[in-house]
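Me: Please take one part of this model and look at it closely. How is it packed, and what does it pack against? Keep it brisk.

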Amino acid sequence: MSTEIDVTGIVRRFGPHTVLNDVDLAVRPGELLALLGPSGSGKTTLLRLIAGLDQPDSGTINIDRTDALRAKPKERGVGFVFQHYALFRHMTVFENIAFALRIRKAAKAEVNARVEELLKLIQLESLAGRYPAQLSGGQRQRVALARALASQPRVLLLDEPFGALDAVVRRDLRRWLRQLHEEMNITTIFVTHDQEEAFDLADRVVIMNAGKIVQVGTPIDIYQTPANAFVHEFLGESNVLPAVIRNETVSAEAGFALGGAAAPDGEVTAYIRPHHVVLIASPGGAWRVERIAATGSHARVTVSRNGLTIEAAMTADALLESRLAPEGNARANFTGGTLFGKNGEGGIRLSSMVSGLSSVVSEAAPP
């Protein structure tokens with residue numbers, strides 16, 4: 001049976017600096033949860049508190065409804081994987097994986113059986129006698145994961161597990177870890193500052209900033225309905241345009257219509273992803289094409305109007321169909337976006353005014 005974790009009112013300070021500020025989080029049994037946020041947002045500190053490697057100033061942490069703060073780290077049933085592997089250089093792959101079992105004085109037959117099982121799981125049976133220096137980065141990270149799983153923990157915690165690896169190895173390991181999680185169904189929390197990594201792996205994503213949880217949800221919910229401007233900006237590039245709502249019509253301050261919104265009149269800031277900008281070549285168009293950057297199957301097009309510059313993203317096929325050319329003119333339509341008030345809160349969907357491209361207008365989900 002999978003393990004649930006409840007974090008309530010957690011505060012952690014280091015001197016005058018509050019690293020975690022009244023954090024609440026419920027981790028569901030068997031889920032793969034990502035803690036995503038910029039450096040210094042408190043992700044690793046929260047992970048270490050759950051593991052028992054640090055203690056909070058206030059608040060509670062329950063693992064399967066038992067007070068974890070009263071238990072020593074080794075009593076919590078937690079496996080921890082560090083970013084930089086932390087393997088013992090003088091030990092072979094076999095001995096690294098067996099270490100936790102030997103510390104617990106497991107019988108030799110049990111140790112051998114468990115290590116052989118894990119070597120098969122991480123697909124490194126033939127490398128059992130090698131030392132860490134003789135392994136690739138991806139292989140070392142697999143060994144670190146196997147070592148964390150050796151004692152059959154109830155919870156698996158991973159701190160930037162792929163941060164030290166190159167892009168290709170990271171992608172392969174992500175797929176492998178997702179498959180491994182589905183097979184083992186162990187409650188897993190991992191820390192990352194990489195949006196693609198979090199969205200590719202996690203069942204749910206926790207967005208953190210300045211020691212607080214800003215939003216929790218599935219990857220698609222968070223991307224489509226960001227709780228505030230910080231989340232929207234953190235999750236990818238946007239064209240940021242000062243705008244105004246009048247009679248449910250949204251217009252940029254630069255003097256052109258953006259779309260519609262079911263919201264009261266007032267000043268807002270429109271956040272429009274590059275893929276929500278549709279450009280079409282037009283001799284009488286108000287936008288001037290400044291730059292076209294084609295990168296294989298995709299392209300980025302920069303256009304300007306009265307001193308305002310925006311960027312569009314499209315496929316290479318769409319670029320050909322658009323007939324756009326450097327220094328040519330274009331029309332721009334906006335197929336979506338999110339509007340926020342002056343304080344960066346209150347996300348409202350921007351609907352398209354283009355026939356056949358209209359989208360549903362709804363308030364963004366609360367954090």
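Reply:
**A close look at the packing**

Leaving aside neighbours within four places in sequence, isoleucine 97 is in contact with Val115, Leu118, Leu119, Ile122, Val143, Ala146, Arg147 and Ala150. Contact means heavy atoms within 4.5 Å.

First, the ground rules. The model is predicted, so local features need pLDDT of at least 70, side-chain atom pairs count only at pLDDT 80 or more, and totals for chains, interfaces and linings use all residues. Residues are numbered from 1 along each chain as its sequence is written, and side-chain values use heavy atoms, with hydrogens and water left out.

Now the element. Helix 2 covers residues 93-103, and its buried residues are Val93, Phe94, Asn96, Ile97, Ala98, Ala100 and Leu101. Buried means under 20% relative accessible area, exposed over 50%, and partly exposed in between, with a 1.4 Å probe and protein chains only. Helices (H or I, at least four residues) and strands (E, at least two) are DSSP runs, numbered from the N terminus. The buried residues of helix 2 pack against helix 3 (108-121) and helix 4. After helix 2 comes lysine 105, with a positive phi near 60 degrees.

Take the helix 3 side. The axes of helix 2 and helix 3 are 10 Å apart, at an angle of about 130 degrees. Axes are lines fitted to C-alpha atoms, for helices over the stretch in contact, and angles run from 0 to 180 degrees between N-to-C directions. Helix 2 and helix 3 are therefore oblique to each other. The cut-offs: under 35 degrees is roughly parallel, over 145 roughly antiparallel, 65 to 115 roughly perpendicular, and the rest oblique. The crossing of helix 2 and helix 3 is right-handed. From helix 2, Val93, Phe94, Ile97, Ala98, Leu101 and Arg102 meet Val111, Asn112, Arg114, Val115, Leu118 and Leu119 of helix 3. By class, this contact of helix 2 with helix 3 has nine nonpolar, one polar and two charged residues. Ala, Val, Leu, Ile, Met, Phe, Trp, Tyr, Cys and Pro count as nonpolar, Asp, Glu, Lys and Arg as charged, and the others, Gly among them, as polar.

Next, helix 4. Helix 4 (residues 137-149) and helix 5 (residues 167-184) have axes that come within 11 Å and cross at roughly 20 degrees. Helix 4 and helix 5 are therefore roughly parallel to each other. Helix 4 contributes Gly138, Gln141, Arg142, Leu145 and Leu149 to the contact; helix 5 contributes Val169, Leu173, Trp176, Leu177, Leu180 and Met184. Those residues divide into eight nonpolar, two polar and one charged.

The largest nonpolar core has 46 residues, and Ile97 and Leu145 touch the most other members. A nonpolar core is a set of buried Ala, Val, Leu, Ile, Met, Phe, Trp, Tyr and Cys residues joined through side-chain atoms within 4.5 Å. Elements that each supply at least two residues include helix 2, helix 3, helix 4, helix 5 and strand 3 (32-36). Helix 4 gives the most, with six residues. A second, separate core of 31 residues includes Phe256, Ala261, Ala263 and Val303.

Finally, the setting. The chain has nine helices and 21 strands. Of its 367 residues, 48% count as buried. Its C-alpha trace spans about 80 × 45 × 35 Å along the principal axes.

Definitions and conventions
A crossing is left-handed if the near helix is turned anticlockwise from the far one by less than a right angle, and right-handed if clockwise.
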